[in-house]
Amino acid sequence: MDRNAFLQTLRAGKCQGVYLFEGVEEQLKSSALEALRKKLLPEGMEQLNESVLENPTTSALIAAVETLPFLADKRLVVVREHAGLLRGEADAVLEKYLARVPDTTVVVFCHRGKADARKKLYRVIKDNGTIVSFNTLGEAELNEWIRQRFREMGRECSAGTASLLSFTSGSDTALLRAEIDKLVGYAGERTTITDEDVRTIATRSVEYTVFNMVDAVVAGDERKAFSLLRDMLTAGEERLGILAMLLRQYRMLQHLKIMQYERRSPQQMQADLGVKPFVLERYQRQARGLTGGQVKRAVQICMNTEYLVKSGQLNQEGSLEKAMLELFAMKRGA
């Protein structure tokens, strides 16, 4: 079950006895848990009817579940980072108990990140309850999520501005929530958040910065490219991770060059590349500054550097800088 299906069942008043919340979107997971809390627990009775347990023993978990609700129909028991989903296995007593959780309690196992479906506890929860996955939102849903957060704070932004924000700062909703708060503060009394606001103060994701690095290579601006690279390395990004994104960028340009040769429409290009309209425009600007041969050479440089590092023939320290110098030499035709 995904997040939307879970919220629909919640609105319909249908609650399972046992849930597992898993997936990479911690912000959405927290929001769903809060929605469940508001649905189950009467206002003012929350603390009396909720237990939050960190990797509890089986006896402690069962004791919490068996406790009767106080002036409410149900209790909520939240289990965080249970060892049975992380390492080893849950004991047989817990596995049997989850098949007969009383109707007076809803148990939610909250797991950070993607849970291992091979774990027996995962399979037991799946057989006796519901797995709810909180994965990265698709483009349309993410942009609507951004606009809704702004509305909740008395602000508006266009779909294009929301798209620019997710492109600039990434798709992690927890990070985007912080960016939205920052943008609202920056806007002051203004009710509309603009593209210029995003360009001025939004935090740049690594992917966005790599995009700008390629812009700098196309423009022959070594100082800017290496400044962006230093910023990422100072922030703790790994050279191989940056290289992988650089390789992906040039592969996208290679695909774009092929589609341009085939005279595909912008709509076809956007659909095939899976990018936003304004991102396609940036790719097209980059592609205009490079020949097909240069793009092919850039892909080879990135792939060769990755191979040499992973095979131990090239030290990772300085490897990305060496690749960048080769990319600039390629651009100059040297």
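**First stop: Ala 323**

Select Ala 323 and show what surrounds it: leaving out residues up to four places away in sequence, Ala 323 touches Ile 301 and Thr 305. You'll find Ala 323 in helix 17. Is Ala 323 buried or exposed? Its relative accessibility is 0%, so Ala 323 counts as buried.

**Zoom out**

Before going on, keep in mind that this is a predicted model. Switch to a cartoon view and you can look for 17 helices and seven strands. The C-alpha trace spans about 75 × 55 × 40 Å along its principal axes. The protein has 334 residues, and 47% of them count as buried. How much of the contact with a separation of 6 or more comes from residues 24 or more positions apart? Those residues account for 76% of such contacts.

**The largest nonpolar core**

Next, select Leu 246, Tyr 250, Leu 253, Tyr 283, Met 324 and Leu 327 together. These belong to the largest nonpolar core, which has 43 residues, and they are the ones that touch the most other members.

Setting aside residues up to four places away in sequence, Leu 253 touches Val 214, Tyr 283, Gln 286, Ala 287, Leu 290 and Val 295.

There is also a second, separate core of 36 residues. To find it, pick Phe 21, Leu 36, Cys 110 and Ile 201, which are among its members. As background, nonpolar side chains tend to be buried together in soluble globular proteins.

**Helix 15 and two partners**

Hide everything but helix 13 and helix 15. Their axes come within 10 Å and cross at roughly 85°, so helix 13 and helix 15 are roughly perpendicular to each other. To see the contact, show side chains on both. Helix 13 brings Arg 248, Gln 249, Met 252, Leu 253, Leu 256, Lys 257 and Gln 260, while helix 15 brings Leu 280, Tyr 283, Gln 284, Gln 286 and Ala 287. Color this contact by class and you get six nonpolar, four polar and two charged residues.

On the helix 11 side, the contact uses Tyr 208, Phe 211, Asn 212, Val 214, Asp 215 and Val 218. On the helix 15 side, look for Val 279, Arg 282, Tyr 283 and Gln 286. By class, that contact has six nonpolar, two polar and two charged residues.

**Over to helix 8**

Bring up helix 8 (residues 159–169) and helix 9 (residues 173–187). Their axes lie 11 Å apart and they pack at an angle of about 120°, which makes helix 8 oblique to helix 9. The crossing of these two is right-handed. Select Leu 165, Ser 166 and Ser 169 of helix 8, plus Leu 176, Glu 179, Ile 180 and Leu 183 of helix 9, and you have the contact. Its classes are four nonpolar, two polar and one charged.

While you're in helix 8, click on Leu 164, which also belongs to that helix. With 9% relative accessibility, Leu 164 counts as buried. What does Leu 164 touch, not counting residues up to four places away in sequence? Show Asp 195, Val 198, Arg 199 and Phe 278. Asp 195 is 31 residues from Leu 164 along the chain, and their C-alpha atoms are separated by 7.1 Å.

**Last stop: two loops**

Most residues other than glycine have a negative phi. Select Glu 81, where phi is positive, near 50°. Glu 81 lies in the loop between strand 3 (75–80) and helix 4 (83–86), and at 22% relative accessibility it counts as partly exposed.

Finish on Arg 263, another non-glycine residue with a positive phi, near 60°. Arg 263 sits in the loop between helix 13 and helix 14. With a relative accessible area of 76%, Arg 263 is exposed.

Terms used. Residues numbered from 1 in each chain as written. Predicted model: local features only at pLDDT ≥ 70, side-chain atom pairs only at ≥ 80, totals over all residues. Heavy atoms only, no water. Axes fitted to C-alpha atoms, helices over the stretch in contact; angles between N-to-C directions. Helix = DSSP H or I, 4+ residues; strand = E, 2+ residues; numbered from the N terminus. Parallel < 35°, antiparallel > 145°, perpendicular 65-115°, else oblique. Left-handed = near helix turned anticlockwise from the far one by under 90°. Contact = heavy atoms within 4.5 Å. Nonpolar A, V, L, I, M, F, W, Y, C, P; charged D, E, K, R; others polar. Core = buried A, V, L, I, M, F, W, Y, C linked by side-chain atoms within 4.5 Å. Buried < 20%, exposed > 50% of the residue type's maximum accessible area, 1.4 Å probe, protein only.
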